[in-house]
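Here is a short report on a two-chain model.

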Amino acid sequence: MANITLGRYIPLDSPIHRMDPRAKILAMLLVLIAIFFPAGWLGYAIIFVAASAVIIIARLSFSFIWRAMKPMLFMLVFLFVINSFLLKTGDPLLTIGSFTLYSDAVFQTLYIAVRLLLMVMITTCLTATTKPLDMTLGIEDLLKPFQKIHVPAHEIAMLISIALRFIPDLIDETERIIKAQESRGVDLKEGKIMERIMAILSLIVPLFVSAFQRAEDLANAMEARGYSPGEERTRYKVLKMEGRDYVLLAGAAALLACMVWLAYFR
Amino acid sequence: MPISFEHVSYIYSKGTPYEYTALKDVCLDIEEGKITAIIGQTGSGKSTLVQHLNALLLPEEGTVHILDRAITASEKPKQLKSLRGDVGLVFQFPEYQLFEETVLKDVAFGPKNFGASEEEAKKRAIHALELVGLSDKYCERSPLELSGGQKRRVAIAGILAMDPKVLVLDEPTAGLDPKGTEAMMTLFHDLNRKHGKTVLIVTHDMEQVFRYCDNVVVMEDGKVRTHTNVESFFRDPAACRDMNILPPALIRMKEMLKENGFDIPEDVLSTAALADCIARQVKNHG
């Protein structure tokens, strides 16, 4: 469970880590939008190179990206199977009995695989280099303009930061409960249906109980310190955009423009 | 056949940036039929060590021998189930493992998993609840509505009902009131003395080590720093302090008396004996 890599912050010191979270979030959004333009293989190659450069500057390893990608592989295999039965366009590549595999099925799947890989790369660039707390500060600031139309920016940010804060705790808690129940003879890997339902139940009930307990404790602790959601508040950490943040944004915008051009105007 | 660790190492999150070596080449023999305390600072590897005893963690390197079984990196989980029944492990704050509708069902959950019949499991559950001092009026209550101390007892009963040969307790009295602590420690002492169970207790409380345990293992930075019997361990308070361990009150009292010119023999190890000793010397002096 501790091996979940998707969305995990990696505490390193790099120029990317030191950037303003707002710039990083905006840049990520721009590039994510860019991925969805049908810019062809050349477009994806450009994004791949750009994302790789960011990963290298951030001193992240590619094996880390690969591990984040792994859980998606099952989905891709599934997709490939479906595609190979449904997509009957393009050139026939392979025939086994009455089943023929067409090139479009392969390319469609590959296309989605590449997009997925790029998305994982881009989002990992953000999540692995931004402390969850900085991320919520960034989100809060970015949502500020929408407060005029009654979007509760601060509350949303607080919600997200609390949710993020509890993820590692709940993972630890789950591991602890698994171990505790395994010590009582629970076998999570095999057994009859009834035994397995019992095994799952023996995890879920304590997990819920402790999650609610934690939520209540946190709410009490916040109230005890005078937290009131609507209040105007100042910040200990004030975000400030610097030169390199504008460079990143400009780069992301250029990438998006490039994809649009590749997709529609070439 | 003692419980033994042979060159055991354990690494958490191996191959990730979070890699952390919790045990480093640990060699340790734990006597059967005794109460052994495992002490050491937070992060010294105590909890990691005890989780090897019922193979929740498999050693990265080395072998753990326990109850005629050898646990190595490649031990398959299938052979482990009977081990888990024989080595009862009580985690820190075990009350979080309660989940059944009634106390009785929860305590009977363990024995049933290890193949006891419904009847047998219930019988053992009632017996275990008696041991931890909960009468049968608690049997039909929901474990979730009990007080913290009672939940703890139910959780410990859940392990005792499995009737393990080796009982491993990770800070079993943390957060209990003094009376509850006393009752728990007396129970573990009885289980050892009357029922011959091997007991291992992870603890931070030196008074408990001093009063209830036979042997003591000091963990430090993933290694065994000291392993000796409790009596000789506290004979040298300076060495204890050197390991950041505050000796129990009685030992500190003896120390202070000695500094002030009293002659206290080494074998004075109870409050009553110490009081006698002081009284005798004061009388002789006057």
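## Helix α4 of chain B

Helix α4 of chain B covers residues 118–131, and its 14 residues should span 20 Å at 1.5 Å a residue; the end C-alpha atoms lie 20 Å apart, which agrees. The expected span is 1.5 Å times one less than the number of residues. Helices here are DSSP runs of H or I with at least four residues, strands are runs of E with at least two, and both are numbered from the N terminus.

This is a predicted model: local features need pLDDT of at least 70, side-chain atom pairs count only at pLDDT 80 or more, and totals for chains, interfaces and linings use all residues. Residues are numbered from 1 along each chain as its sequence is written, chains are lettered from A and ligands numbered from 1 in the order in which they are written, and side-chain values use heavy atoms, without hydrogens or water.

Which residues of α4(B) are buried? They are A121(B), A125(B), A128(B) and L129(B). Seen down the axis of α4(B), these buried residues fall within an arc of 100°, so they line one face of the helix. The arc is taken from the directions that run from the helix axis to the C-beta atoms. Buried means under 20% relative accessible area, exposed means over 50%, and partly exposed lies in between (1.4 Å probe, protein chains only).

E119(B), K123(B) and E130(B) are exposed on the other side of α4(B). The buried residues pack against α3 (103–113) and α5 (148–160) of chain B. Contact means heavy atoms within 4.5 Å. Just after α4(B) comes G133(B), with a positive phi of about 85°.

## Domains of chain B

Chain B is divided into domain 1 (3–247) and domain 2 (248–286). These bounds come from an automatic or database domain assignment. Taken over C-alpha atoms, the centres of the two domains of chain B are 35 Å apart. Domain 1 brings 10 residues to the contact and domain 2 brings 8 residues.

The two domains of chain B bury about 890 Å² between them, with 66% from carbon and sulfur atoms. F210(B), R235(B) and P247(B) supply 49% of the area that domain 1 buries against domain 2, more than any other three residues. Buried area is the accessible area (1.4 Å probe) that two parts lose on being put together, summed over both. The count between these domains is 1 salt bridge. A salt bridge is a side-chain nitrogen of Lys or Arg within 4 Å of a carboxyl oxygen of Asp or Glu. E255(B) forms a salt bridge with R241(B), with the closest N and O atoms 2.9 Å apart.

## Where the chains meet

Chain A gives 27 residues to the contact and chain B gives 30 residues. The area buried between chain A and chain B is about 2,300 Å², and carbon and sulfur atoms give 59% of it. On the chain A side, K179(A), S183(A) and R184(A) lose the most area to chain B, together 31% of what that side buries. The rule finds 1 salt bridge across this interface. R184(A) forms a salt bridge with D106(B), and the closest N and O atoms are 3.0 Å apart.

Q97(B) sits in the loop between β6 (87–90) and α3 of chain B. At 3% relative accessibility, Q97(B) counts as buried. Beyond residues up to four places away in sequence, Q97(B) touches A180(A), Q181(A), R184(A), P206(A), D106(B), A155(B) and I159(B).
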